[in-house]
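Please load the model in your viewer and keep the selection tool handy.

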Amino acid sequence: MMRAGLYRPVHVKTLRSQKHRMLLTHRKLLQSKAIAIENDLRATLRNFGLKVGMIGTVKCEARIKELVENLPDLALLVEPLLVVRRVLREQIGILHRRLLAIVRDDDVCRRLMTIPGVGPVVALTYRATVDVPARFRNSKSVGAVLGLTPSRYQSGEINRTGAISKCRDDMMRMMLYEAAQSMLRSVKWSWLKAWAMKIARHRGMKKAIVALARRLAVIMHRIWVDGTEFRWTREEAGAA
């Protein structure tokens, strides 16, 4: 099978990218556990008619303690989960500060963050995922590798295009999707947002977000390779 060429070479990520990926994975894991504890506390307290309500992360513990203040038996059951949640939040903060320090000292991440909607987490996730930009023949192929291009079903005379393939890296795909949402929701104007809004008017917001996520992947690769920054107008992008 080796002589026949049935096996293809696989890219092995650099040690630095593996470490960055571990940091991102551990941070995400702790976040999911903290959110699970908060949701469980909300659900169990609701059974007793106690509603936490819409409250921020910082004030959540104080609000829960306030609700069970006159119910000592419930307070004893709630306290262990609050302690675990507090420790998780502290460790998330430690990992997040480490992430920010890495991004601050990384020229590639800083240039990627010139794109509206792309923050430190998205930039570092992209850097760790792509690892070596030269392994892609062109920037457009990045979208396919991240599962953001339409899947195709072919059998006999059938040749049908489906939804995006969603292959490979789920974390990176989610980050790009969130960055696209952030751009459409928060950024006042850029040529890229105008392009996405034009798609939204004709094909709906969901497809526009996916298309924008795919284009973000392409633009980020181009910025990385060229050593440039994001250009807010069509004229600036065309001149480049």
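The tour below goes through a few charged residues and their partners. Keep in mind as you go that this is a predicted model.

**Stop 1: R85**

Start by selecting residues 72–104, which make up helix α3, and pick out R85 within them. Is R85 buried or exposed? Its relative accessible area is 4%, so R85 counts as buried, the cut-off being under 20%. Now show what surrounds R85: setting aside neighbours within four places in sequence, its contacts are I37, E38, T57, C60 and E61.

**Stop 2: E61 and K65**

Colour residues 60–67, helix α2, where you will find both E61 and K65. These two residues are 4 places apart, about one turn of the helix. Show their side chains and look for the salt bridge between E61 and K65, where the closest N and O atoms are 3.3 Å apart. What about their surroundings? E61 is buried at 14% relative accessibility, while K65 is partly exposed with a relative accessible area of 38%.

**Stop 3: R86 and E79**

Next, select R86 and E79, whose side chains meet in a salt bridge with an N to O distance of 3.9 Å. A salt bridge here requires the nitrogen to be within 4 Å of the carboxyl oxygen, so the 3.9 Å pair of R86 and E79 qualifies. R86 is partly exposed, with 29% relative accessible area, and E79 is partly exposed too, at 31%.

**Stop 4: R173 and D170**

For the last stop, jump to residues 170–186, helix α7, and select R173 and D170. Because they are 3 residues apart in this helix, about one helical turn separates R173 from D170. A salt bridge joins R173 and D170, and its closest N and O atoms are 2.3 Å apart. R173 is buried, with a relative accessible area of 11%, whereas D170 is partly exposed at 47%.

**If you want to keep exploring**

How many salt bridges does the structure hold? There are 11, among them E61 with K65, R86 with E79 and R173 with D170.

How values were computed: Residues are numbered from 1 along each chain as its sequence is written. This is a predicted model: local features need pLDDT of at least 70, side-chain atom pairs count only at pLDDT 80 or more; totals for chains, interfaces and linings use all residues. Side-chain values use heavy atoms; hydrogens and water are left out. Buried means under 20% relative accessible area, exposed over 50%, partly exposed in between (1.4 Å probe, protein chains only). Contact means heavy atoms within 4.5 Å.
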